[in-house]
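Colleague: I am new to reading models of proteins, and I would like to go through this one with you slowly. Could you take my questions one at a time?

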Amino acid sequence: MLAADYRGPRRMRVASKADPVIQHPRDAIVRVTRSCICGSDLHLYNGLVPDTRIGTTFGHEFCGIVEEVGPEVQTLKAGDHVLVPFNIACGQCHFCRQGLFGNCHESNPQATAVGGIFGYSHTAGGYDGGQAEYVRVPYADVGPMPIPDWMDPDDAVLLTDVVPTGYQAAEMGGIQMGDTVVVFGAGPVGIMAARCAWLFGAGRVIVIDHVEYRLDFARHYCPAEVYNFQSIDDMAVFIKKVTDGLGADVCIDAVGGDAAGSALRTVLGKKMKIEAGNAIVLHWAINSAKKGGVVSIVGVYGPTGNMVPMGNVLNKGLTIRANQASVKRLLPRLVEHVKEGRIDPKALITHRVPLEDLPDAYHLFSAKLDECIKPVLYPNN
Ligand code: NAD
Ligand code: ZN
């Protein structure tokens with residue numbers, strides 16, 4: 001089959017690889033029809049995630065048609081159209097039983113934090129992913145969900161990660177009626193978080209980024225008030241100014257580790273050199289939240305020391321919540337939101353490309369070129 005093939009930082013190719021086979025009675029093989037590139041793939045692409053091995057097939061957001069199932073999979077059969085959550089979850093361990101499908105122990109037993117993830121580094125279990133013609137899906141009786149007949153597969157593929165992650169970001173914010181919510185990052189995840197903030201009762205939604213076409217999209221789609229951080233000297237001072245001196249009730253980090261290199265920023269009146277990976281957005285979110293507010297983090301961070309301003313967390317009495325999205329837990333209600341038209345996932349897709357064009361799609365998405373918001377690959381088209 002043809003599949004993505006990581007060759008080192010910013011070097012992707014499409015290569016011929018062996019077809020995946022059933023390795024365990026609970027496995028399925030899925031023929032991939034749609035597979036996205038995610039902001040999380042960019043951390044891998046940019047070489048920021050430890051133990052990302054040469055030759056890995058990336059891709060954790062995919063849907064397709066079941067080709068074959070192992071003898072213990074009673075819930076699926078060949079020919080079923082399924083969407084597959086990005087978390088690999090056994091469904092039975094201590095964490096899965098609490099609905100923490102992103103923290104499954106069985107799918108990544110050597111890790112103390114994250115569960116297994118398709119197409120990620122070996123810190124997430126070392127599973128090959130779905131930027132390929134075929135993919136092996138472990139615990140196939142747990143994660144995959146049949147795509148309802150009425151659902152457009154372009155919507156379905158965004159239910160594997162972007163929609164649940166944005167929704168969970170808003171959910172973890174504990175948004176109360178009328179709250180002001182500030183979302184950092186106008187990528188697919190931030191845009192979806194801002195859209196979902198309204199579903200939880202937000203009274204005002206602000207989105208911050210520096211990519212103008214993404215801010216334009218967020219302004220109309222979420223809808224949101226948008227600001228370019230390049231024109232803001234001190235973020236916390238600015239957010240306070242536009243919120244009657246209080247700060248935001250909820251700040252959402254939909255950016256994560258910043259690969260953009262070191263930069264001199266003003267943080268609470270002081271010029272600070274923030275190194276790549278040192279989390280300027282965490283400073284902004286913590287310092288822009290009002291006293292007693294909530295910071296919700298879905299942006300992904302590497303293992304570097306992040307210089308988090310813990311003193312301000314304590315002194316403001318903030319609540320901080322963070323996690324990988326628990327996709328399976330959220331799917332039933334998200335399917336309803338899509339059916340009722342409250343969320344329109346496929347509106348985010350700007351680039352539909354054949355698998356062979358994967359290297360170009362990574363480049364466009366990473367460099368934020370050609371008005372790219374969400375690229376989707378179509379293997380087996
Ligand atoms: P993306 O790269 O498309 O979007 C990130 C956006 O953040 C970009 O538009 C960029 O310009 C903007 N940005 C960069 N620095 C900023 C700053 N200082 N302030 C405000 N905006 C800034 O990525 P995405 O697909 O939207 O993903 C966003 C983050 O969410 C990534 O870190 C990704 O790994 C993470 N993620 C987490 C989960 C989860 O389950 N927790 C799931 C999916 C993605
Ligand atoms: Zn993703």
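Modeller: The axes of helix α3 (residues 162-172) and α9 come within 10 Å and cross at roughly 95°; axes here are lines fitted to C-alpha atoms, for helices over the stretch in contact, and angles run from 0 to 180 degrees between N-to-C directions. This is a predicted model, in which local features need pLDDT of at least 70 and side-chain atom pairs count only at pLDDT 80 or more, while totals for chains, interfaces and linings use all residues. Residues are numbered from 1 along each chain as its sequence is written, and chains are lettered from A and ligands numbered from 1 in the order in which they are written.

Colleague: Is α3 roughly parallel or roughly perpendicular to α9?

Modeller: Angles under 35 degrees count as roughly parallel, over 145 as roughly antiparallel, 65 to 115 as roughly perpendicular and the rest as oblique. The crossing of α3 and α9 is at roughly 95°, and that makes the pair roughly perpendicular.

Colleague: Which residues of α9 make the contact with α3?

Modeller: Two residues are in contact if their C-beta atoms, placed from the backbone, lie within 7 Å. On the side of α3 the contact is made by Val 163, Pro 164, Tyr 167 and Gln 168, and on the side of α9 by Val 327, Leu 330 and Leu 334.

Colleague: How many residues of the contact of α3 with α9 are nonpolar?

Modeller: Ala, Val, Leu, Ile, Met, Phe, Trp, Tyr, Cys and Pro count as nonpolar, Asp, Glu, Lys and Arg as charged, and the others, Gly among them, as polar. The contact of α3 with α9 has no charged residues and 1 polar residue, and its nonpolar residues number 6.

Colleague: Which element gives the largest share of the shell around ligand 1?

Modeller: The shell has 31 residues, of which Gly 39, Ser 40, Gly 187, Gly 256 and Val 300 come nearest, where a residue is near a molecule if its C-beta atom, placed from the backbone, lies within 6 Å of it. The elements that give two or more residues are α1, α4 (188-199), β11 (204-209) and α7 (280-288); helices (H or I, at least four residues) and strands (E, at least two) are DSSP runs, numbered from the N terminus. The largest share, 4 residues, comes from α1.

Colleague: How many of the residues of α7 are buried?

Modeller: A residue is buried if 20 or more other C-beta atoms lie within 10 Å of its own, exposed if 12 or fewer, and partly exposed in between. The buried residues of α7 include His 283, Trp 284 and Asn 287. Helix α7 is mostly covered, and the count of its buried residues is 9 of 9.

Colleague: Does Tyr 139 count as buried or exposed?

Modeller: Tyr 139 is in the loop between β8 (134-137) and β9 (145-146), and its phi is near 45°, a positive value in a residue other than glycine. With 24 C-beta neighbours inside 10 Å, Tyr 139 counts as buried.
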